[in-house]
Amino acid sequence: MLMYFVLHFKGLWIFNLYRILYMASSSNYSTAPVSEFLLICFPNYQSWQHWLSLPLSLLFLLAMGANATLLLTIQLEASLHEPMYYLLSLLSLLDIVLCLTVIPKVLAIFWFDLRSISFSACFLQMFIMNCFLAMESCTFMVMAYDRYVAICHPLRYPSIITDHFVVRATIFVVARNGLFFLPVPVLSSRLRYCAGNIIKNCICTNLSVSKLSCDDITFNRLYQFVAGWTLLGSDLILIVLSYSFILKAVLRIKAEGAAAKALSTCGSHFILILFFSTVLLVLVITNLARKRIPPDVPILLNILHHLIPPALNPIVYGVRTKEIKQGIQKLLRRL
């Protein structure tokens, strides 16, 4: 029932957003001649596309299969109907949406040379990439709080981390990031595009699209920068604080083996946060150093950032979490 609520809420929300962007873009057609964009992946190395499509396809199938298996296991296994696993389900849903938003279009360009993307679809993709990336960060923050309560206040855990807490946390994750990142595509869609319609990227990033505009885009870029770093930065600070308190509590445990057991419950979550933050940091650094590195490198890293974490997240939890591993084994025996 909880998963149905989350899926239904997100579906309605994204549908209404598409209508808003369509209306905004329609109002621009009277002043902007652009009705669609052309995505040019890897402008300097287009011969690589066919070779690159194979590993990207395999990673995409792995991500979809692993996350679908994890969601199905949590849904069917009664012992996994707990808040911690509901939060993990939310993370898998976000991963699936991010993959489906980016990778199929990239593969369509590689395989069938389908480079065109409509005006509204481009800005919808821009919104989902920005918003759902921040949703993942926020979900990691909520999961860190879950582990903090479990280790630092174990007796209060059942009364604090409940199904109602998960529902409220999900609404917070969706509402906070949706409201903060909705202006990014709306501002971009209202610009006048008279510098051509060729985007030198595989996806509709705000930077790649807005540079085609004739208008001043300073406020557009500044808003995305401030919103992004405010949300992701605050999430990271809260995650670091949570794990600082967890480490402090674990070091006080004197019983033999108890400290290692307590830390093992956070191991999977910490690995995913570390990987998510590292890939994001590398992506930011390469974008800041665009003049010193080939322009195709940030494009490739941006694609991989929407593919590798979704592929690894369910695998890490499946391998390191005994309950999930047993649930997957039961699911496979049923099949």
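Me: Which residues lie nearest the centre of the second largest pocket?
Reply: Met 84, Tyr 85, Arg 147, Thr 265 and Glu 323 do, out of 21 residues that line the second largest pocket. Keep in mind that this is a predicted model.

Me: And which elements give two or more residues to that lining?
Reply: Helix 3 (83-112), helix 4 (119-152), helix 10 (258-288), helix 12 (308-320) and helix 13 (322-334).

Me: Which helix gives the most?
Reply: Helix 10, with six residues in the lining of the second largest pocket.

Me: How much space lies in there?
Reply: The second largest pocket holds about 500 Å³.

Me: How do the lining residues divide into nonpolar, polar and charged?
Reply: For the second largest pocket there are nine nonpolar residues, five polar ones and seven charged ones.

Me: OK, on to helix packing. What's the angle between helix 2 and helix 3?
Reply: Roughly 155 degrees, and the axes of helix 2 (residues 49-76) and helix 3 come within 9 Å. An angle over 145 degrees counts as roughly antiparallel, so that is how helix 2 and helix 3 run relative to each other.

Me: Is that crossing left-handed or right-handed?
Reply: Left-handed, for helix 2 passing helix 3. The residues in the contact of helix 2 with helix 3 divide into 22 nonpolar, seven polar and one charged.

Me: What about helix 4 and helix 9, how are they packed?
Reply: Helix 4 and helix 9 (residues 218-251) have axes 9 Å apart, at an angle of about 15 degrees. That angle makes helix 4 roughly parallel to helix 9, and helix 4 passes helix 9 in a left-handed crossing.

Me: Then helix 6 and helix 9: at what angle do their axes cross?
Reply: Roughly 160 degrees, with the axes of helix 6 (residues 163-181) and helix 9 coming within 10 Å. Helix 6 is therefore roughly antiparallel to helix 9.

Me: Left-handed or right-handed, for helix 6 and helix 9?
Reply: Right-handed for the crossing of helix 6 and helix 9.

Me: Where is Asp 113 found?
Reply: In the loop between helix 3 and strand 2 (116-118).

Me: How accessible is Asp 113?
Reply: Asp 113 has a relative accessible area of 45%. Exposed would need over 50% and buried under 20%, so Asp 113 counts as partly exposed.

Me: Got it. Now Ser 57, where's its place?
Reply: Ser 57 sits in helix 2.

Me: Buried or exposed?
Reply: Ser 57 counts as buried, because its relative accessibility is 11% and the cut-off for buried is under 20%.

Me: How far apart are Ser 57 and Leu 307?
Reply: In sequence, Ser 57 and Leu 307 are 250 residues apart; in space they are 10.0 Å apart, C-alpha to C-alpha.

Me: Last one, Ile 299. Which helix is it found in?
Reply: Helix 11 (residues 296-305). Ile 299 has 5% relative accessibility, so it counts as buried.

Me: And how far is Ile 299 from Lys 200?
Reply: The C-alpha atoms of Ile 299 and Lys 200 are 8.9 Å apart in space, while the two residues are 99 residues apart in sequence.

Technical notes
Residues numbered from 1 in each chain as written. Predicted model: local features only at pLDDT ≥ 70, side-chain atom pairs only at ≥ 80, totals over all residues. Heavy atoms only, no water. 1 Å grid on protein atoms, 1.4 Å probe; cavity = no way out; pocket = protein on both sides within 12 Å on 5 of 7 lines; lining within 4 Å. Points joined across faces, edges and corners; volume = space filled by probe spheres on them. Helix = DSSP H or I, 4+ residues; strand = E, 2+ residues; numbered from the N terminus. Nonpolar A, V, L, I, M, F, W, Y, C, P; charged D, E, K, R; others polar. Axes fitted to C-alpha atoms, helices over the stretch in contact; angles between N-to-C directions. Parallel < 35°, antiparallel > 145°, perpendicular 65-115°, else oblique. Left-handed = near helix turned anticlockwise from the far one by under 90°. Buried < 20%, exposed > 50% of the residue type's maximum accessible area, 1.4 Å probe, protein only.
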